[in-house]
Amino acid sequence: MPIPKAELHLHIEGTLEPELAFALAHRNGVDLPYSSPEQLRAAYAFDDLQSFLDLYYQLMDVLRTEDDFTELAEAYLTRAAAAGVRHAEIFFDPQAHTARGVELDDVVRGLSRALSRAGERHGISTRLIMCFLRDLPQESALATFEAARPWFGRAISGVGLDSAEVGHPPAKFADVYALAREAGLHLVAHAGEEGGPEYVREALDVLGVERIDHGIRSMEDPELVKELVARRVPLTVCPFSNVRLRCVDTLADHPLPAMLEAGLVATVNSDDPAYFGGYVDENFAGVERALGLTEDQLRLLARNSFEASFLEDDEERRAA
Ligand code: ADE
Ligand code: ZN
């Protein structure tokens, strides 16, 4: 039985497996520049974050209808249940869909349908977090924010910040995060993945985020680590992703043990499991093997995931 856990850093578009991509491409009349799922999978060799993002955005083009998004999320939730996930806080990238002519309401309705069935079908509670693409101007994030307003507090629980990090510091999105705070949404942001610890500092100080996604480069700034520890700001770490995107040389070099040693509230997550070689249970098994994590450390990671979640206390106890 896999250890019960919450998954807090998961891009639903990053769960698009090659087989489903081909099935949706066929259904929607989309031409993929690959001859088979195997050939597509063979293209998953990345040099950095951008080389992954290029393929990730290209492949999303097969997602067209409300049903496509339901099917995508349903496939993830089925796999997540087998991985011991009891609670999932799921990212999606609205601008990557609306820019292609897919209506925001279709995306949210399609995802929500799968999420609302997840308790009954898979024993998983869920939240949905809408991410802004940081390589687009803040004006685009503001327009997306306003378009999504009717869903706040119902389908959408929070906002996040993802896509190409370097050159797009958190402060660029100060206004839209201020509005999200006023709207009562939860606030998270990717920071310290490829960008330096100063991005983590800015996400905390300027955006006021409650959690940092990735955050591994925080380890380069001891004062920042001290503050993250003192404030118990969680970091949603994604070990397989960090290796595949070459943020870390090998799994055996991953800073996760040092992060736990420092007292950081670190969690383990899969990020984009269809692209990075494994779901969250496989990330747990990978760090156990490569880093020699003890049973106590694995249990601490699982406990941290519930503490770091946006579940209320009574829900947290039930899920854990
Ligand atoms: N979008 C999907 N996965 C991402 C990652 N690991 N970093 C930034 N943006 C992303
Ligand atoms: Zn991510």
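With 24 C-beta neighbours inside 10 Å, glutamate 193 counts as buried, a term applied when 20 or more other C-beta atoms lie within 10 Å of a residue's own; with 12 or fewer the residue is exposed, and in between it is partly exposed, the C-beta atoms being placed from the backbone. The structure is a predicted model, in which local features need pLDDT of at least 70 and side-chain atom pairs count only at pLDDT 80 or more, while totals for chains, interfaces and linings use all residues. Residues are numbered from 1 along each chain as its sequence is written, and chains are lettered from A and ligands numbered from 1 in the order in which they are written.

## Annotated positions

In an unreviewed UniProt entry, Glu193 carries the annotation "active site". Such positions are given in the numbering used here, feature names are shortened, and annotations may be inferred rather than shown by experiment. Glutamate 193 sits in the loop that links β5 (186-191) to α9 (197-207). These labels denote DSSP runs, numbered from the N terminus: helices are H or I runs of at least four residues, and strands are E runs of at least two. Leaving aside residues up to four places away in sequence, glutamate 193 touches Leu49, Glu165, His214, Ile216 and Cys247. Here two residues are in contact if their C-beta atoms, placed from the backbone, lie within 7 Å.

The loop between β5 and α9 also holds glycine 195. Its contacts, again without residues up to four places away in sequence, are Glu165, Val166 and Arg217. Between the C-alpha atoms of glycine 195 and alanine 164 there are 9.4 Å in space, and the two residues are 31 apart in sequence.

The unreviewed UniProt entry also places the feature "binding site" at Asp272. Aspartate 272 belongs to the loop between β8 (265-268) and α13 (273-276). Beyond residues up to four places away in sequence, its contacts are His11, Gly14, Tyr56 and Ser241.

## Burial of selected residues

| Residue | Other C-beta atoms within 10 Å | Class |
|---|---|---|
| Aspartate 272 | 23 C-beta atoms | buried |
| Histidine 214 | 28 C-beta atoms | buried |
| Arginine 232 | 12 C-beta atoms | exposed |

Histidine 214, one of the contacts of glutamate 193, is part of strand β6 (residues 211-214). The phi angle of histidine 214 is near 80°, a positive value in a residue other than glycine. Arginine 232 likewise has a positive phi, near 50°, and is a residue other than glycine. Arginine 232 is found in the loop between α10 (222-230) and β7 (234-237).

## Helix packing

Two pairs of helices are described next. Helix α4 (residues 66-82) packs against helix α6 (residues 104-122) at an angle of about 30°, and their axes are 7 Å apart. The crossing of α4 and α6 is right-handed. A crossing has this name if the near helix is turned clockwise from the far one by less than a right angle, and is left-handed if anticlockwise.

Among the residues that form the contact are Phe69, Ala73 and Leu77 of α4 and Val107, Gly110 and Leu111 of α6. By class, this contact has nine nonpolar, four polar and seven charged residues. Ala, Val, Leu, Ile, Met, Phe, Trp, Tyr, Cys and Pro count as nonpolar, Asp, Glu, Lys and Arg as charged, and the others, Gly among them, as polar.

Glycine 110 lies in helix α6. It touches Glu66, Asp67, Asp68, Phe69 and Thr70, not counting residues up to four places away in sequence. The C-alpha atoms of glycine 110 and threonine 65 are separated by 7.8 Å, although the two residues are 45 apart along the chain.

In the second pair, the axes of helix α7 (residues 138-148) and helix α8 (residues 174-182) come within 9 Å and cross at roughly 20°. That makes α7 roughly parallel to α8. The crossing of these two helices is left-handed. Gln138, Ala141, Leu142 and Phe145 of α7 meet Asp175, Val176, Leu179 and Ala180 of α8. The contact of α7 with α8 has six nonpolar, one polar and one charged residues.

Definitions and conventions. Axes fitted to C-alpha atoms, helices over the stretch in contact; angles between N-to-C directions. Parallel < 35°, antiparallel > 145°, perpendicular 65-115°, else oblique.
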